[in-house]
Amino acid sequence: MNHKATLKDIAKACGVSVTAVSLVLNNRPTRMSAEKRELIAKTAKQLHYVPNQAARSLATNQSMLLALLIPDIENMFFASLSKALEDISNASGYSLLIANSDDSWKAEHRLLRQFASRGVDGLFLIPSRESVKDSSKLRQDVEGLDFPVVITDRLVSDNWCDAVGTDNFIGGKLAAQRLIAEGHRRIACVSGDTRTGNDNRRMAGFHAGLEEAGLQLEPELNVVGNYRFDGGYHAADRILDANATAVFCGNDLMALGFIRRLEERGLSCPKDCSVIGYDNISERFGFNHALSTVDQNITAVAKACHDLISTHLGPRKANADSKPWIEAPKQRLIKPKLVDRSTVSSVPAL
Ligand code: RIB
């Protein structure tokens with residue numbers, strides 16, 4: 001079996017102490033000459049030396065691993081948020097383990113235990129739909145963990161944990177105001193997944209935007225979606241048959257599905273119907289429609305998550321039983337912004 005090179009092998013090959021090798025490979029200050037430092041680095045490479053993280057974790061009581069639990073790995077919004085959290089975690093020396101609960105509490109429960117068994121140092125958590133609806137079981141799980149947790153994107157009621165979200169009420173209102181500014185009055189809506197909490201705030205903001213302009217959302221123009229492509233696609237016939245001139249979809253995937261069906265009917269967007277989405281993923285993933293949308297500012301969300309969790313990171317004191325992330329939880333709400341592209345224009349000429 002191949003012998004895995006150790007610090008001792010490198011020290012022997014370079015004629016220095018193991019401590020000296022450790023200082024050089026961990027970029028710690030040392031009085032050694034540049035030649036000696038270079039020889040140690042070169043020898044480590046030649047021997048294919050890989051640091052033993054498990055041994056290092058035992059010594060420092062830190063794994064330098066963070067975890068992220070997302071609810072729907074097929075939704076590109078979560079891919080973008082994962083990337084933003086991975087970038088900021090890597091920049092501070094942490095690796096990020098990403099897992100998908102597939103919106104199931106059972107999977108969420110299992111994965112939280114797996115993260116604990118792998119000794120992660122902290123967790124970013126987007127709750128499953130089931131846990132947003134009733135977070136008591138998730139709360140029990142989180143209270144049993146010995147590392148900091150930040151809930152993000154889908155916030156839970158009574159804010160029992162550190163959390164970072166975006167202001168979905170403002171986001172929904174921005175969408176309504178954009179369509180009204182173009183003269184639309186017969187405006188439809190395809191809501192997201194009402195069980196995620198986000199959607200309720202987003203739709204409340206949208207309704208508030210309409211009401212401010214003296215408009216009401218008529219029942220035949222209000223369709224419940226599901227945050228997936230097919231949710232927008234299957235909502236289109238009812239909305240287009242009811243002669244809406246504009247529609248707000250609760251996320252970009254549904255907006256793309258709506259436009260697909262609109263074009264299948266020989267219509268075009270925005271000429272025949274304006275469409276505004278939410279999440280700002282169309283550019284990033286190169287879809288053929290540059291959607292007008294509401295951007296959730298995920299870089300700012302990721303930074304706020306990392307800032308919150310960082311206050312609790314560092315070598316864990318043995319049996320430290322204080323958990324400030326649940327004993328004195330903090331919440332940050334990031335402001336979304338409107339991104340205007342090519343799918344919204346003025347009311348079609350009759
Ligand atoms: O696209 C999925 C939606 O659900 C996003 O808007 C995000 O907020 C998530 O919770």
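## Helix 11 and helix 12

Phe-229, Gly-231, Gly-232, Tyr-233, Ala-235, Ala-236, Asp-237, Ile-239 and Leu-240 of helix 11 are in contact with Leu-253, Met-254, Leu-256, Gly-257, Phe-258, Arg-260, Arg-261, Leu-262 and Glu-264 of helix 12; contact means heavy atoms within 4.5 Å. By class, the residues of this contact are 11 nonpolar, 3 polar and 4 charged. Ala, Val, Leu, Ile, Met, Phe, Trp, Tyr, Cys and Pro count as nonpolar, Asp, Glu, Lys and Arg as charged, and the others, Gly among them, as polar. Helices (H or I, at least four residues) and strands (E, at least two) are DSSP runs numbered from the N terminus.

The axes of helix 11 (residues 229-241) and helix 12 (residues 252-264) come within 6 Å and cross at roughly 45°, which means that helix 11 is oblique to helix 12. Angles under 35 degrees count as roughly parallel, over 145 as roughly antiparallel, 65 to 115 as roughly perpendicular and the rest as oblique. Axes are lines fitted to C-alpha atoms, for helices over the stretch in contact, and angles run from 0 to 180 degrees between N-to-C directions.

## Basis of the model

The model is predicted: local features need pLDDT of at least 70 and side-chain atom pairs count only at pLDDT 80 or more, while totals for chains, interfaces and linings use all residues. Residues are numbered from 1 along each chain as its sequence is written, and side-chain values use heavy atoms, with hydrogens and water left out.

## Domains

The protein chain is divided into domain 1 (7-51), domain 2 (63-161 + 298-334) and domain 3 (168-296); the bounds come from an automatic or database domain assignment. The C-alpha centres of domain 2 and domain 3 lie 30 Å apart. Their contact takes 15 residues from domain 2 and 16 residues from domain 3.

An open sheet of 4 strands runs in the order 7-6-8-9, with parallel pairing; two strands pair if DSSP finds at least two bridges between them. Strand 7 (222-224) and strand 9 are the edge strands, each pairing on one side only. From one strand to the next, the twist averages 15°. Strand 6 (residues 187-191) is joined to strand 7 by 3 bridges in the parallel sense, and Val-190 stands opposite Val-223 in strand 7.

Helix 11 packs on this sheet, touching strand 6, strand 7 and strand 8 (246-249), and its direction makes about 150° with that of strand 6. Helix 12 lies across strand 6, strand 8 and strand 9, at about 145° to strand 8. The loop between helix 12 and strand 9 (274-276) holds Pro-270, which is joined to Cys-269 by a cis peptide bond with omega of about 5°.

Another open sheet has 6 strands in the order 2-1-3-4-5-11, and the pairing is parallel. Its edge strands, strand 2 (95-100) and strand 11 (331-334), each pair on one side only. The twist averages 20° from one strand to the next. Strand 3 (residues 122-125) and strand 4 (residues 149-152) pair in the parallel sense over 3 bridges, with Val-149 in strand 4 as the bridge partner of Leu-123.

Helix 6 (residues 105-117) packs on the sheet and touches strand 1 (65-70), strand 2 and strand 3; its direction makes about 175° with that of strand 1. In the loop between strand 2 and helix 6 is Asp-102. Asp-102 has a positive phi of about 55° although it is not a glycine. Most residues other than glycine have a negative phi, and most peptide bonds are trans.

## Other helix pairs

The axes of helix 1 (residues 7-14) and helix 2 (residues 18-25) come within 8 Å and cross at roughly 105°, so helix 1 is roughly perpendicular to helix 2. Leu-7, Lys-8, Ile-10 and Ala-11 of helix 1 make the contact with Val-18, Val-21, Ser-22 and Leu-25 of helix 2. This contact has 6 nonpolar, 1 polar and 1 charged residues.

Helix 9 (residues 168-181) and helix 10 (residues 198-212) pack at an angle of about 40°, with their axes 6 Å apart. The crossing of helix 9 and helix 10 is right-handed. Residues in the contact include Phe-169, Lys-173 and Ile-180 in helix 9 and Arg-201, Phe-206 and Leu-210 in helix 10. By class, the contact of helix 9 with helix 10 has 7 nonpolar, 6 polar and 4 charged residues.

Technical notes:
Left-handed = near helix turned anticlockwise from the far one by under 90°.
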